[in-house]
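Biologist: I have a model on screen and want to learn how to read its features. Where do we start?
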Amino acid sequence: MLLGTIALRVGEEIQLVFQCPGREVDAKIEEIKALIGKDNLKLQQSDSHPLNVRSGNSMQPESSNQKQQKMKIIAVYHNKGGVGKTTTVVNLAATFSKKGKRVLASDMDSQANTTFGTGLIKFDDEELDDIKDCNILQVLQSEEFYPISEVARTSAFNTPELDVVPSHIDLMQYESELNQLDYCRLSLLDKLKEVATQYDIVLIDTPPALNLYARIALITADYVLIPSDLKPFANQGLKNVKDFIKKVDAFRRQINKEPLKILGVLACNISTNAAFGKSTFKKRREAITTRYDLLVMENVIYSREVLAKCCEETQVVRVGSC
Ligand SMILES: Nc1ncnc2c1ncn2[C@@H]1O[C@H](COP(=O)(O)OP(=O)(O)O)[C@@H](O)[C@H]1O
Ligand SMILES: [Mg+2]
């Protein structure tokens with residue numbers, strides 16, 4: 001016998017006791033972890049929630065009795081800037097990818113921070129800009145050309161690598177022109193359908209605005225995740241977010257697309273100060289549910305000052321002969 005498991009009833013709860021001879025603990029530790037680990041428990045949860053990920057390489061062909069999961073598109077949106085949208089997109093993309101999911105990140109913010117954060121901006125002089133003519137702008141502008149397969153680039157910022165549709169500062173200046181093109185609202189959605197069997201998850205980073213690009217992201221997505229630092233302006237902005245989603249849903253109805261599913265508010269960049277956590281944070285969290293009728297995710301992304309400062313100390317190292 002490798003392991004023994006006893007189920008004990010303690011009041012209303014069932015306690016599982018794992019038994020293993022002392023000398024075998026070392027050898028069996030992975031097996032024990034697999035039995036009680038978080039990842040394993042997730043396997044038993046419903047797979048309908050896009051943030052429930054299963055470990056394993058989804059690049060592997062699925063057996064006939066494993067249903068092919070539909071590609072899930074998640075927009076990460078809040079109309080306020082600096083609340084953690086880009087940080088969430090980049091880190092979720094890396095996490096999903098490490099879990100074996102085939103990930104595409106699409107940057108729809110003209111600030112191009114996801115494009116930068118995933119290491120696609122390799123030039124330090126605009127003369128060498130190799131993104132200008134092949135980015136999300138052309139995807140939206142062109143009905144026929146610039147499919148995702150041509151525009152997406154492989155980013156090696158993570159292992160395993162993942163794909164990114166880059167953005168560009170030009171996006172800003174073309175907004176009114178694109179506004180005249182009715183089809184551009186559906187360009188990204190249509191082009192993503194062409195790669196639906198190549199990706200499991202698409203994450204869309206959005207601008208801190210109620211503009212055309214944010215609208216397109218929310219029209220395209222199945223789900224929206226709302227990062228927020230829960231500070232007063234971010235909380236007040238949630239009313240705009242909800243009104244904006246309502247307008248997008250009205251458009252989705254016209255194209256027979258079901259309403260956007262709101263995954264909830266993800267608390268980001270939260271102070272680790274104990275007193276803040278006990279009083280202010282608690283009140284701010286509650287306000288989101290009581291005033292804005294939105295769910296707040298249980299997981300909290302705390303502020304990591306030291307890591308944030310590292311970015312300022314980045315040095316570009318060039319390897320090669322030039
Ligand atoms: N958990 C965190 N800890 C420390 N700094 C963070 C954290 N999350 C975000 N930041 C920093 O806050 C700033 C804004 O985050 P960002 O993701 O760019 O927001 P947005 O995309 O909503 O504008 C960035 O400088 C980022 O590095
Ligand atoms: Mg951003």
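Modeller: Start with the core. The largest nonpolar core has 60 residues, and Leu203 and Ala217 have the most contacts inside it. Helix α9 (residues 212-220) gives the largest share of this core, 6 residues.

Biologist: Which rules define a nonpolar core and a buried residue?

Modeller: A nonpolar core is a set of buried Ala, Val, Leu, Ile, Met, Phe, Trp, Tyr and Cys residues joined through C-beta atoms within 7 Å. Buried means that 20 or more other C-beta atoms lie within 10 Å of the residue's own; exposed means 12 or fewer; partly exposed is in between; C-beta atoms are placed from the backbone. Helices (H or I, at least four residues) and strands (E, at least two) are DSSP runs, numbered from the N terminus.

Biologist: And the provenance?

Modeller: This is a predicted model: local features need pLDDT of at least 70, side-chain atom pairs count only at pLDDT 80 or more, and totals for chains, interfaces and linings use all residues. Residues are numbered from 1 along each chain as its sequence is written, while chains are lettered from A and ligands numbered from 1 in the order in which they are written.

Biologist: How many helices and strands are in the chain?

Modeller: The chain has 13 helices and 10 strands. Of its 322 residues, 32% count as buried.

Biologist: What does Ala217 touch, leaving aside its neighbours within four places in sequence?

Modeller: Contact means C-beta atoms, placed from the backbone, within 7 Å. On that rule Ala217 meets Ala75, Tyr77, Met108, Ile204 and Thr206. Among contacts in the chain between residues at least 6 apart in sequence, 76% join residues at least 24 apart.

Biologist: Now the sheet. In what order do the strands of the open sheet run?

Modeller: Two strands pair if DSSP finds at least two bridges between them. Here 8 strands form an open sheet, ordered β5-β6-β4-β7-β3-β8-β9-β10, with mixed pairing. The edge strands, β5 (153-155) and β10 (296-302), each pair on one side only. On average, neighbouring strands are turned by 25° against each other, direction ignored.

Biologist: Take β4. Which way do its side chains point?

Modeller: In a regular strand, side chains alternate between the two faces of the sheet. In β4, Val103, Ala105 and Asp107 point one way, Leu104 and Ser106 the other, and all are buried. Because 5 of the 5 residues of β4 are buried, the strand is largely enclosed by the rest of the structure.

Biologist: Which strands does β4 pair with?

Modeller: β4 (residues 103-107) pairs with β7 (residues 201-205) in the parallel sense over 5 bridges. Val103 has Ile201 as its bridge partner, and Ser106 has Ile204. β4 also runs parallel to β6, joined by 3 bridges. There, Leu104 stands opposite Asp163.

Biologist: What about β3?

Modeller: β3 runs parallel to β7, with 5 bridges, and parallel to β8, with 3 bridges. Ile74 has Leu203 as its bridge partner in β7 and stands opposite Tyr223 in β8. As 4 of the 5 residues of β3 are buried, that strand too is largely enclosed by the rest of the structure.

Biologist: Which helices lie across these strands?

Modeller: Axes are lines fitted to C-alpha atoms, for helices over the stretch in contact, and angles run from 0 to 180 degrees between N-to-C directions. α9 lies across β3, β7 and β8, at about 150° to β3. α3 lies across β3 (72-76), β4, β6 (162-165), β7, β8 (223-228) and β9, at about 165° to β7.

Biologist: Which residues come nearest to ligand 1?

Modeller: A residue is near a molecule if its C-beta atom, placed from the backbone, lies within 6 Å of it. There are 16 residues around ligand 1, and Lys85, Thr86, Thr87, Asn269 and Ala308 come nearest. Elements giving two or more residues are α3 (85-98), β9 (261-270) and α13 (305-312). α3 gives the most, 3 residues.

Biologist: Is Leu171 buried or exposed?

Modeller: Leu171 is buried, because 23 other C-beta atoms lie within 10 Å. Leu171 sits in the loop between β6 and α7 (175-179).

Terms used. Two residues are in contact if their C-beta atoms, placed from the backbone, lie within 7 Å.
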